[in-house]
Amino acid sequence: MLAAILQKHQQVFTKLVPFDASTDKLVQLNFTESNTTLTSTILNDTILFSNYINQQLSAANALYGVGGYNEHRTIYARSEVFDGSEPRRLHLGLDIWGKAGTPVFVPLGGTIHSFAFNNQFGDYGATIILQHQLDTFQFHTLYGHLSLKDIEHLKEGRFVSQGELLAHFGEPVENGYWPPHLHFQIIEDMELKEGDYPGVCAFSQREKYLKNCPDANLIAQLMQYV
């Protein structure tokens with residue numbers, strides 16, 4: 001139901017990040033096991049990983065690297081955050097890889113649901129979650145790997161306007177030690193969580209989480225330009 005509502009309203013969503021389809025290029029990045037160029041040596045070193053991302057963008061003359069929704073990824077083996085009886089490897093959001101400091105805007109007005117600094121290696125780092133309503137239907141959007149300064153003066157319940165500057169891509173030291181990027185995710189039911197929600201799930205829980213987290217490109221509308 002939520003996916004259908006978002007699709008119905010796609011024409012009203014504004015830009016999530018600065019992007020001009022007439023001049024800017026995007027490249028889809030592959031973080032599945034089929035990408036044999038992304039070795040464990042690169043993944044386990046944030047500087048090498050960042051250099052790898054930058055090389056991919058430069059080779060494609062792309063402003064951003066994008067993708068990842070419903071992608072079974074090997075990159076999460078770099079962090080114990082995603083370990084357990086069944087490792088979590090299925091990605092539930094859309095990633096936009098680019099330069100630290102890249103601005104992030106509010107694509108649809110709402111209120112600040114919660115925010116947190118999830119400061120484990122491989123986690124979200126600085127995180128903001130917004131609450132929205134469309135056609136009387138309530139849902140949320142999550143913005144992960146942000147700059148710490150963007151959550152310093154936030155207040156839960158504050159209204160944020162469509163098009164408002166919300167945050168910026170964080171540096172590795174404040175974004176969970178990842179190459180700079182935005183993890184953008186749509187969440188229907190927050191399940192009483194605040195400042196955090198799984199962005200990766202175990203494959204056995206795929207059906208449940210994909211239903212609760214529809215394709216974030218329904219709002220971002222970037223994948224059609226790859």
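1. Basis. The model is predicted, so local features need pLDDT of at least 70 and side-chain atom pairs count only at pLDDT 80 or more, while totals for chains, interfaces and linings use all residues. Residues are numbered from 1 along each chain as its sequence is written, and side-chain values use heavy atoms, with hydrogens and water left out.

2. The sheet. An open sheet is formed by 8 strands in the order β1-β2-β4-β11-β8-β7-β6-β9, with mixed pairing. The edges are held by β1 and β9 (159–160), each with a single partner strand, so one side of each has no neighbour in the sheet. Strands here are DSSP runs of E with at least two residues, and helices are runs of H or I with at least four, both numbered from the N terminus. Two strands pair if DSSP finds at least two bridges between them. In general, strands of a sheet pair through backbone hydrogen bonds, either parallel or antiparallel.

3. Strand β7. Of the 10 residues of β7 (residues 125–134), 8 are buried, so the strand is largely enclosed by the rest of the structure. Buried means under 20% relative accessible area, exposed means over 50%, and partly exposed lies in between, using a 1.4 Å probe and protein chains only.

4. Neighbours of β7. Strand β6 (residues 110–118) pairs with β7 in the antiparallel sense over 7 bridges, and S114 has I129 in β7 as its bridge partner. Strand β8 (residues 137–146) also pairs with β7 in the antiparallel sense, over 9 bridges. Here Q131 has H140 in β8 as its bridge partner.

5. The two hairpins. The hairpin of β6 and β7 has 6 residues between the strands, and G122 takes a positive phi near 95° in it. The hairpin of β7 and β8 has 2 residues between the strands, and D135 in the turn has a positive phi of about 50°.

6. Strand β2. Both faces of β2 (residues 64–67) are covered: Y64 and V66 are buried on one side, and G65 and G67 are buried on the other. Strand β1 (residues 26–28) runs parallel to β2 and is joined to β2 by 3 bridges, with V66 as the bridge partner of Q28. Strand β4 (residues 94–97) runs antiparallel to β2, again with 3 bridges. On that side V66 has I96 as its bridge partner, and G65 stands opposite W97 in β4.

7. Helix on the sheet. Helix α3 (residues 46–59) packs on the sheet and touches β1, β2 and β4; contact means heavy atoms within 4.5 Å. The direction of α3 makes about 85° with that of β4. Axes are lines fitted to C-alpha atoms, for helices over the stretch in contact, and angles run from 0 to 180 degrees between N-to-C directions.

8. Salt bridges. The whole structure holds 5 salt bridges, each defined as a side-chain nitrogen of Lys or Arg within 4 Å of a carboxyl oxygen of Asp or Glu. R73 forms one with E71, the closest N and O atoms being 2.8 Å apart. R73 counts as buried at 2% relative accessibility, and E71 counts as buried at 11%. The side chains of D95 and R73 also meet in a salt bridge (2.8 Å, N to O). D95 lies in strand β4 and R73 in the loop between β2 and β3 (90–91), so this pair ties together parts that are 22 residues apart in sequence. Both D95 and R73 are buried.

9. A further pair. E191 and K193 meet through their side chains in a salt bridge (3.5 Å, N to O). E191 is partly exposed, with a relative accessible area of 27%, and K193 is partly exposed at 31%. Salt bridges that share partners join E71, R73 and D95 into one network.

10. Surface residues. E33 lies in the loop between β1 and α2 (40–43) and counts as exposed at 68% relative accessibility. E33 and I112 are 79 residues apart in sequence and 36 Å apart in space, C-alpha to C-alpha. Y177, in the loop between β10 (165–168) and β11 (181–187), is partly exposed with a relative accessible area of 31%.
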